[in-house]
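Below is a set of questions and answers on one protein model. The sequence and structure come first.

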Amino acid sequence: MKNTNLLILKTLVLFNIISCSTTTEKQFTLLSSNQTGVDFINKLNEDNDINYFTYPYIYMGGGVSVGDINNDNLDDIFFTGNMTQNRLYLNKGDLKFQDITNESGISGDDRWYTGSTMVDINNDGYLDIYVSVAGLDGVKNNQLYINNGDNTFSERANEYGIDDIGNSVQGTFFDYDKDGDLDLYVANYPITPFDAPRSYYYYKMQNSGDFETDNLYRNDGNSFTRVTDEAGLRTYGLTLSATVGDLNNDSYPDLYISNDFSSPDFMYINNGDGTFTDVVKETTNQTSFYGMGVDIADFNNDNYLDYIQVDMDAKDNRRAKANMASMNPDLFWSTVNYGFHYQYMHNTLQLNRRVEGNKPFFSNISRLSGISSTDWSWGPFLADLDNDGWKDLFISNGIRREINNKDYFNEIKLRPMARDSLLYYTNQIPSEAISNFTFKNNSDLTFTDVTSDWGLDQKKLF
């Protein structure tokens, strides 16, 4: 899955692989697995029992986290696999990595692993790894690998009280109560039919189960306590990212929760007393529809945090007509009438227009800025990639099969499908490799697509 490229890009930036002083030179150089030793592939083994038609979320992908697990001042890389073992690569210097998965005890079992986060959860000076779990069925308890300090790990999520059993996508660690330790927000994406009506989301938002909702866990030292209800965070949404930033400049970390399909986003302002208040409809004019990843950063250098949320809007007309749904007025107004906010199917770049009282206000300038349409996008990353003092934008992009291909799915509606033929029909779903996107910040609220100029235009399907 393409969103694993996001943290790899962060690694490349950290190592400063190649820098330049002119825009005619490549900013980045692609290194092969033969050069680096990093040969992980999140390979899916589809058959008649597990395929797109039995598990429509099969192509949401795994995860990757980067950090120095052995304190040698070199960042290491951990990958999770949906249907293959997790892999841990130790950085040996000069961008050479050694696979230490087997001896580290971190390969996992047959769970459907998704996101991963490196964090020193027990304050012993070594990075631990929290791993989220989802999947069609089977064991779904999230796992916590405690670093033993010798390149080995011990799984202890249950002992710490954070073995969340929801259909988890990612764990986000932050100190929400400012008591000096890191608390945990678990983003859950409960399995929901693609065609679920707005009434279904509305009902579930009032009646969500303990592990259908996202969950907040308070760090109490040697263990965590689930405080979702106490914090005012119980809800229902198809959460694809939970991103932290102080959006109103009051020194308390806030949360932006990006949700897929018609389930609404949430902008949770931290009240400073252990509770949060959702203000997304008061602070924004609209959100993305298929809300995917979010990054929060000050991209215009005015000391107020802005944010980018990505969606699924094709860059060119051909792909838009072949794959992307048109805006449906009935669906749009049904979503609004259920109180879910105005949702538009394109990336949103939300410019922070300053704080009024305790609330910020944002204006979506994605069309003005030139970054509104980047196809099937997963994760955005705002960072100064060319060292000019302005944060540029990288967007990881693509999906294994074109599950929105209109011609193909209109055609198969005309044919009966037996279960023993589902793999055949899955293999016939069209595929097209699309590169990630990279945009240079022009320092005037606009961006220029420099994907090719900077050497980040590789296209590949696995």
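**Salt bridges, strands and a helix**

Asp39 is partly exposed, with a relative accessible area of 43%; partly exposed lies between buried, under 20% relative accessible area, and exposed, over 50% (1.4 Å probe, protein chains only). This is a predicted model, in which local features need pLDDT of at least 70 and side-chain atom pairs count only at pLDDT 80 or more, while totals for chains, interfaces and linings use all residues. Residues are numbered from 1 along each chain as its sequence is written, and side-chain values use heavy atoms, with hydrogens and water left out.

Q: What is the mean pLDDT of the protein?
A: pLDDT is the predictor's confidence in each residue, from 0 to 100. In this model 94% of residues reach 70 or more, and the mean is 92.

Q: How many contacts does the stretch of residues 8-23 have beyond near neighbours in sequence?
A: The pLDDT over residues 8-23 is below 50. Where pLDDT is low, predicted coordinates should not be read in detail. With contact meaning heavy atoms within 4.5 Å, the model gives this stretch, beyond near neighbours in sequence, a count of 29.

Q: Which residue forms a salt bridge with Asp39?
A: A salt bridge is a side-chain nitrogen of Lys or Arg within 4 Å of a carboxyl oxygen of Asp or Glu. The closest N and O atoms of this pair are 2.9 Å apart, and the partner of Asp39 is Arg87.

Q: How far apart are the closest N and O atoms of Arg87 and Asp99?
A: Arg87 counts as buried at 16% relative accessibility, whereas Asp99 is partly exposed at 31%. The two residues form a salt bridge, and their closest N and O atoms are apart by 2.7 Å.

Q: Which residue in E4 stands opposite Tyr89?
A: Helices (H or I, at least four residues) and strands (E, at least two) are DSSP runs, numbered from the N terminus. Two strands pair if DSSP finds at least two bridges between them; E3 and E4 (residues 96-99) pair in the antiparallel sense over 4 bridges. Opposite Tyr89 stands Asp99.

Q: Why do the buried residues of H5 line one face of the helix?
A: The buried residues of H5 (residues 198-206) are Arg198, Tyr201, Lys204 and Met205. Taking directions from the helix axis to the C-beta atoms, these residues line one face because they fall within an arc of 130 degrees.
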